[in-house]
Amino acid sequence: MVGGASPPWTVFRRNPAPVTSDTRPVRSTRFYLVCIGVGLLAGLLSGLFGVGGGTVIVPLLVLLLGFDQRLAAGTSLAAIVPTASVGVISYAVHGSVAWLPALILAAGAVVGAQIGTWLLPKLSQTALRWSFVAFLAVVIVSLYFVVPSRDAELVLTWITGPLLGVLGVITGILAGLLGVGGGIIVVPALMLLFGTSDLIAKGTSLLMMIPAAVSGTIGNLRRSNVDLRAAAFVGLAACTTTALGAFIATLVDPLVGNILFSVFLAFIAVQMAIKAVRGRHQR
């Protein structure tokens, strides 16, 4: 380059332009079919495991439609709102939602998310990701030794109340630092630490996600990090299978449910490990 000037593309790497409608995928038949397919899969997993579905939505939007990572995350969060709402209703029909504990978890998660956002530029993402992979490995092993009773409830006491608040804060911090959903933390924690039924853990987790997802979506809209049309198609499609996933969860034996959930967590752990390896190589 003349005068030692940097190639023009390096400027865009250092100062990425804000996402605009011009950089988003073309609205084609394939675009809508992919959104519907992603939503159907995410809804089924959301209802079955009590998670938001973002761990499926985000990578598929990036890989199949070429979404920017931030736009995919914002779109996924918006799609989670209707998905989690349908999931909560489905679990509530079977009496599998602990309403007040879920609100305590949500309040703690909102505070924790602010702490996680503050810590984000100060901590090594690679080290955090490996730590989270280790945490998931411990949870996966534990699931084979602790089989929750379907009759166990989440009783709110002077001890469990504050502990739920702490769990919510920890969940929010990890969500802010790693961009993971709360379900993969809250569901196993409620089962292993609080002795809660797997169904109540899943229903409570879904309820906890709704206020956090709404708050996050409002913030993402202000930053133009949401594709509302894609979120609508993904979210509406997910709503059609979320109830099915929740229904299947009631039919599955708790031990089988633990095995299926451990496989899902292993998938998340592998994703996180890949990100950790790539992050190290980029340093």
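Contact here means heavy atoms within 4.5 Å. This is a predicted model, in which local features need pLDDT of at least 70, side-chain atom pairs count only at pLDDT 80 or more, and totals for chains, interfaces and linings use all residues. Residues are numbered from 1 along each chain as its sequence is written, and side-chain values use heavy atoms, with hydrogens and water left out.

Start at L260. It lies in helix α11, residues 254-282. (Helices are DSSP runs of H or I, at least four residues, numbered from the N terminus.) Leaving aside residues up to four places away in sequence, L260 touches F49 and V252. L260 and F49 are 211 residues apart in sequence, yet their C-alpha atoms are 8.6 Å apart in space. L260 counts as partly exposed because its relative accessibility is 36% (buried is under 20%, exposed over 50%, partly exposed in between, with a 1.4 Å probe and protein chains only).

Now turn to helix α2, residues 29-49. It packs with helix α3, residues 54-65, at an angle of about 160°, the axes 10 Å apart. (Axes are lines fitted to C-alpha atoms over the stretch in contact; angles run from 0 to 180 degrees between N-to-C directions.) The two helices are therefore roughly antiparallel, the term for angles over 145 degrees. R30, F31, V34, C35, V38, L41, A42 and L45 of α2 meet V56, I57, L60, L64 and L65 of α3. By class, that contact has twelve nonpolar residues, no polar and one charged (Ala, Val, Leu, Ile, Met, Phe, Trp, Tyr, Cys and Pro are nonpolar; Asp, Glu, Lys and Arg charged; the others, Gly among them, polar).

Helix α10, residues 228-251, also meets α2: their axes come within 5 Å and cross at roughly 35°.

Conventions. Angles under 35 degrees count as roughly parallel, over 145 as roughly antiparallel, 65 to 115 as roughly perpendicular and the rest as oblique.
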